[in-house]
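The sequence and the model are shown first.

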Amino acid sequence: VETTDEAVDLFARIGQLAGARDAAAAARNHLGLCYDVCHQAVEFEDIPQSIARLAAAGVRINKMHITCALELERPAENEAGRQALAGYVEERYLHQTLARAKGGAVVRQTDLTEELALRPRAEFRDADAWRIHFHVPVNAERLGPLRTTRNELRQALESVAGLDYAPHLEVETYTWEVLPGRPAASGPGSLIDGLTGELVATRDLLATIASKAAESK
């Protein structure tokens, strides 16, 4: 299930099937989504609108993956960004790459390749921006010439704070071992430091959101 439309449709069908078996209440109580913020940002979805649509359709977010994607702005003129992006090409995981044209149309490639990064075909080269499903540290706004979707993550956490239930929140950066310049296992600038930085930044972001919500009441 890749888009909000697909999720709403899936749960509508689940509801129909469950209702026919006198299990509608069980389905509502036990079935929900794992909402990966990185993936929805890569789809160029409006995150607050996405979460509002799910809530209106009665689809629960049982878990939210606190994640950030990579974004390449203005690819035609951003050679430094494309060169940096080529450094993220690796074989262990798929890194779906989507490009949004200036008119809003979205095109996609199943995986990030060096060919795409360095010699993009016209529909990617002339796009307004690319987003790449490569989980990067959630406390990073930028990684060199590349932006991250931390702003979309902020929007997601603000949106779920307004729900009448509390989804399980999980920082889900699983790509440390394949990040360019990946940290050592221990010592200054280590993996432990990286994970700690993510959790502290997330805690601080949640505290800021809770404080703003309290002030607005």
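## The central strand and its sheet

Strand β6 (residues 129-136) is largely enclosed by the rest of the structure, because 8 of its 8 residues are buried. Buried here means under 20% relative accessible area, exposed means over 50%, and partly exposed lies in between, with a 1.4 Å probe and protein chains only. Strands (E, at least two residues) and helices (H or I, at least four) are DSSP runs, numbered from the N terminus. The model is a predicted one, in which local features need pLDDT of at least 70 and side-chain atom pairs count only at pLDDT 80 or more, while totals for chains, interfaces and linings use all residues. Residues are numbered from 1 along each chain as its sequence is written, and side-chain values use heavy atoms, with hydrogens and water left out.

In a regular strand the side chains alternate between the two faces of the sheet. In β6, A129, R131, H133 and H135 point one way, whereas W130, I132, F134 and V136 point the other way, and all are buried.

The sheet that contains β6 is open and has 6 strands in the order β5-β4-β6-β3-β8-β7, with antiparallel pairing. The edges are taken by β5 (106-109) and β7 (142-143); each has a single partner strand, so one side of each is left without a neighbour in the sheet. Two strands count as paired if DSSP finds at least two bridges between them. The table lists three of these pairings.

| Strand pair | Bridges | Residues standing opposite |
|---|---|---|
| β3 (residues 68-73) and β6 | 5 bridges | L72 and W130 |
| β4 and β6 | 4 bridges | R100 and A129 |

## Q96 and its contacts

Q96 lies in the loop between α5 (79-86) and β4 (97-100). Its relative accessible area is 25%, so Q96 is partly exposed. Leaving aside residues up to four places away in sequence, Q96 touches V42, Q109, T110, R131, I132 and H133; a contact means heavy atoms within 4.5 Å. Q96 and E43 are separated by 53 residues in sequence, and their C-alpha atoms are 9.6 Å apart in space.

## Two residues with positive phi

Most residues other than glycine have a negative phi, and most peptide bonds are trans. F44 has a positive phi, near 60 degrees, and is not a glycine. F44 is found in the loop between α3 and α4, and it is buried, with a relative accessible area of 12%. R74 also is not a glycine and has a positive phi of about 45 degrees. R74 is placed in the loop between β3 and α5 and is partly exposed, with a relative accessible area of 45%.

## Pockets

Rolling a probe the size of a water molecule over the atoms shows where empty space is left. On a 1 Å grid over the protein atoms alone, a pocket is an open set of points where a 1.4 Å probe fits, with protein on both sides within 12 Å along at least five of seven lines; lining residues have an atom within 4 Å of a point. Grid points are joined across faces, edges and corners, and a volume is the space filled by probe spheres set on the points.

The largest pocket holds about 240 Å³ of space. It is lined by 13 residues, and F11, G15, R28, A57 and G58 are the closest to its centre. Helices α1 (4-20) and α2 (24-30) each supply at least two residues of this lining, and α1 gives the largest share, 5 residues. The lining divides into 9 nonpolar, 2 polar and 2 charged residues. In this count Ala, Val, Leu, Ile, Met, Phe, Trp, Tyr, Cys and Pro are nonpolar, Asp, Glu, Lys and Arg are charged, and the others, Gly among them, are polar.

The second largest pocket has a volume of about 170 Å³. Of its 13 lining residues, V1, L33, C34, Y35 and Q40 lie nearest its centre. The largest share of this lining, 4 residues, comes from β1. The lining comprises 6 nonpolar, 5 polar and 2 charged residues.

## The chain as a whole

The protein contains 9 helices and 9 strands, and 42% of its 217 residues count as buried.
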